[in-house]
Amino acid sequence: DRQTLVAVLQFLRRSNLRESEEILRREARLLGDDLGGNVATVATSSPGVAAVAAVPPGKGEARGDCGVGPSSGREPREVGSPCAARSLGGSPLCWDTRVGAVVVEDQPDVSAVLSAYNQQGDPTLYEEYYSGLKHFIECSLDCHRAELSQLFYPLFVHMYLELVYNQHESEAKSFFERFHGDQECYYQDDLRVLSSLTKKEHMKGNETMLDFRTSKFVLRISRDSYQLLKRHLQEKQNNQIWNIVQEHLYIDIFDGMPRSKQQIDAMVGSLAGEAKREANKAKVFFGLLKEPEFDVPLDDEDEEGENEEGKPKKKKPKKDNVGSKSKKQDPNAPPQNRIPLPELKDSDKLDKVMNMKEAARRVRLGPECLPSICFYTFLNAYQGLTAVDITDDSSMIVGGFADSTVRVWSVTPKKLRSVKTAADLSLIDKESDDVLERIMDEKTASELKILYGHSGPVYGTSFSPDRNYLLSCSEDGTVRLWSLQTFTCLVGYKGHNYPVWDTQFSPYGYYFVSGGHDRVARLWATDHYQPLRIFAGHLADVTCTRFHPNSNYIATGSADRTIRLWDVLNGNCVRIFTGHKGPIHSLAFSPNGRFLATGATDGRVLLWDIGHGLMVGELKGHTDTIYALRFSRDGEILASGSMDNTVRLWDAVKAFEDLETDDFTTATGHINLPENSQDLLLGTYMTKSTPVVHLHFTRRNLLLAAGAYSSQ
C-alpha cells in the first residue's frame with residue numbers, strides 16, 4: 001500500500017541507499033522525486049500487506065501472497081512449499097517459489113501497523129466529522145441509507161483508535177461515550193474490548209486491535225450508494241473520513257439495485273465485515289465420490305425364510321454390486337484420485353455390507369414421520385462433560401471431561417475388551433476361523449474404559465470410521481490418538497501451542513483435522529508427526545472443524561464469526577461465509593455434500609449452498625448456543641441441539657427446495673430468505689435440565705442425543 005511504500009523510500013533516501021531506492025521506485029512504477037506527492041498505489045494481492053518485492057526480469061509481477069500468519073486475510077499454500085511450512089511467527093523474509101521474488105511477510109510489526117494512525121487531523125473535530133456523516137446518511141434516501149449505515153461501525157472504531165494512538169485520551173473517551181450506543185447490537189462484545197483500550201500503550205499487545213488494523217474491513221455497497229458517499233465527502237472536504245475509507249476499508253462495489261436492510265443484516269456481523277465476492281467464486285467439487293464396487297452376499301436367513309412356507313425356492317435376482325450406490329459419476333464430484341485416500345480393508349468392506357443391510361431397513365423420515373429420539377444423559381458428571389462422540393454404527397459413546405479424562409462406554413450388550421498380552425497371543429492358533437475373537441481378553445471386559453494422558457480439559461473427541469481408533473484434543477495443546485484394541489495412547493500430535501478446541505476424523509479415516517486458539521486449523525495424517533496442511537486466515541480461535549463427505553474439503557467455524565471452507569489438496573480457502581453474530585460452535589454437511597448448516601452462540605442455524613457460495617436459509621427458534629447439528633442419513637431432516645435444553649427438528653427438504661440461485665443473486669449477494677422459519681420447524685423436544693452437546697443419527701435413522709444433566 002502507498003503509505004508503506006513511501007515510508008520505505010524515505011528510509012532508503014535517509015540512509016543514502018540511492019541504488020536500492022531507484023530499483024524499488026522502478027519496480028513500483030513510481031517516478032518523479034516528490035515522495036510526499038500523489039504517489040501511484042502499488043497493488044498487492046491482499047489488503048494491508050506490504051509486498052515490497054524485487055522481481056527478476058521476465059518473471060512478471062511480484063505478488064505478495066506468501067504469509068501464513070494468523071492475521072493474513074489469505075490462505076496458506078500447501079505445506080510443501082517453504083514459505084507455508086513455517087509456524088506462526090518466523091523469519092521476516094521468505095522466498096516465494098512461484099514468482100521467484102523475495103516478499104516481505106505480513107506478520108504485522110506492531111509499531112509499523114500502528115504508525116498508520118499518525119495522521120494530524122484536529123482531534124476536537126472528530127465528533128463533528130462523524131456526526132456530520134451520520135446526519136448525511138440518516139437523511140439520505142431509504143435505498144441508500146441501509147447500505148451506507150454499514151460505514152458507522154468501522155469508521156467509529158478507526159476514528160477512536162486514531163484518537164487513542166495520538167494520545168488525545170479525553171477526546172477519545174468523549175467520542176466513544178457519544179457514539180458507541182449507535183452501533184449494531186451484534187458488535188457489543190467487540191466494543192467492550194475497544195472501550196478498554198484507552199492509552200497508546202494498550203494498543204501494542206492487543207490482538208483484536210491488530211486484526212482490525214491489518215485486515216481491511218469489507219463492505220459491499222452498490223455503485224450508486226458509493227458515488228453518493230464519495231460526492232458528499234469531497235464536497236465537505238472531509239478528508240479525515242475519506243482517508244480512513246481509503247486506508248482501512250475495502251469497499252466491494254457491485255452494479256445493480258442497492259440491498260435492503262434485511263439483506264444486509266443477514267450477511268454482516270463478522271469481525272472483518274462481509275466476505276469479498278471474489279472469495280466465493282472458486283469452483284468447489286461438492287459431489288460425492290463413487291463408492292467402490294463389491295458383491296454383497298445374500299442373507300442366509302432371507303433364503304431360509306422363503307423355504308419355510310414349503311414353496312419352491314424363488315431364485316432371487318442377483319443384486320450385483322450393491323456396493324456401488326451411484327453407478328454414474330456425480331458431475332460435481334472431485335476426480336476419484338484428487339487426494340490419496342486409504343484403500344478399503346476387508347473389515348471395511350464387511351462394515352459397508354452391514355451398513356447397506358441396515359440402510360435397507362432405514363426409516364424414511366419426513367414431516368409426517370419424525371425420528372424417535374434416544375437421549376443419553378450423563379448423570380453426576382462432576383468432572384464436567386466437555387465433548388461427546390458416537391461411533392458410526394452407534395455401538396460406542398465417548399465423553400471428554402474437564403478433569404482431563406476420556407471415557408469410552410459400550411452402549412450395546414457387547415462389552416469393551418482389550419487384546420491379550422503378547423505371551424498369551426503367541427499361544428493362539430492363527431489359522432482358526434474365530435482368531436479375531438480369541439485374541440480378545442475376556443478378563444478385561446467392561447462397559448466403561450477410562451483413558452488417561454491429557455493434562456487439561458478434553459474439548460473434542462472423534463472415533464475413526466473403522467472404530468479402531470479414537471482422537472481427543474485438549475487444553476494442553478495436543479491431539480492424542482488412542483487404540484480401541486488396547487485402550488492405550490498411540491501418539492500425541494504436537495503442533496498447536498494453545499488449547500485445541502476441536503478435532504475430527506475424515507469420513508475415510510487416516511486424515512484428521514484440528515482447530516484451536518492459535519486461529520489455525522491443521523490437517524494431519526495418523527502416520528505423520530507433523531501436520532500436512534496449515535489452514536490460516538481466521539482472525540480468532542478456530543472453534544469447530546468438519547470434513548466434507550468427500551473428504552476433499554474441510555469446514556472451520558471460528559470466534560471471528562465466519563465459516564471458511566478449505567481445499568485439502570492445496571490448502572486454499574475456497575469459501576468464506578459471514579452472517580452469524582457470534583462465535584460458531586457447530587457445523588454439519590448434508591449427506592449429498594451440497595449444503596452446509598452452521599450454528600452459533602446467536603441461537604440461529606444458517607444454511608449455505610456450497611456450490612454457489614450463498615446463504616440460503618436461516619432457522620430461528622433456539623434461545624441459546626447451538627452445540628450440535630446433524631442431518632438424517634438421507635438428508636430429509638436437520639436436527640439441532642442447544643444449550644437451551646432442547647432438540648429441534650427442521651424440514652431440510654423444504655428448506656433447500658426451489659432455491660433462487662440465479663446469476664444476479666450469486667454476483668451481488670441479494671439473498672431473499674423466507675420471512676418465517678417456523679414453517680420449517682417440525683418439532684421441539686425439551687429435556688428436563690440437560691444442555692444438548694451431541695446428536696447422531698443411527699444407520700436406521702433413530703436420533704441419539706447426549707448431554708450432561710445440570711442441576712441449576
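Which residue stands opposite Leu471 in S12? Select Leu471 and then Leu481 of S12, for Leu481 is the residue that stands opposite.

Before going further, note that this is a predicted model, in which local features need pLDDT of at least 70 and side-chain atom pairs count only at pLDDT 80 or more, while totals for chains, interfaces and linings use all residues. Residues are numbered from 1 along each chain as its sequence is written, and side-chain values use heavy atoms, with hydrogens and water left out.

Two strands count as paired if DSSP finds at least two bridges between them. Showing the whole open sheet brings up 4 strands in the order S10-S11-S12-S13, with antiparallel pairing. At its edges stand strand S10 (458-463) and strand S13 (488-494), each with a single partner strand, so one side of each is left without a neighbour in the sheet. Neighbouring strands of this sheet are turned by 20° against each other on average, direction ignored.

**The sheet S26 to S29**

Next, select the open sheet whose 4 strands follow the order S26-S27-S28-S29, again with antiparallel pairing. Its edge strands are strand S26 (626-631) and strand S29 (681-686), each of which pairs on one side only, and the twist averages 15° from one strand to the next. Within this sheet, strand S28 (residues 646-651) pairs with S29 in the antiparallel sense over 5 bridges, and Thr646 stands opposite Met686 in S29.

**The helices H6 and H8**

Tyr153, Phe156, Val157, Tyr160 and Leu161 of H6 make the contact with Asp190, Leu191, Leu194 and Ser195 of H8, where contact means heavy atoms within 4.5 Å.

**Two cysteines**

Finally, compare Cys185, which is exposed with a relative accessible area of 60%, with Cys544, which is buried at a relative accessible area of 4%; buried means under 20%, exposed over 50% and partly exposed in between, for a 1.4 Å probe and protein chains only. The structure holds 0 disulfides, a disulfide being a pair of cysteine sulfur atoms within 2.5 Å.

Definitions and conventions: Helices (H or I, at least four residues) and strands (E, at least two) are DSSP runs, numbered from the N terminus. Axes are lines fitted to C-alpha atoms, for helices over the stretch in contact, and angles run from 0 to 180 degrees between N-to-C directions.
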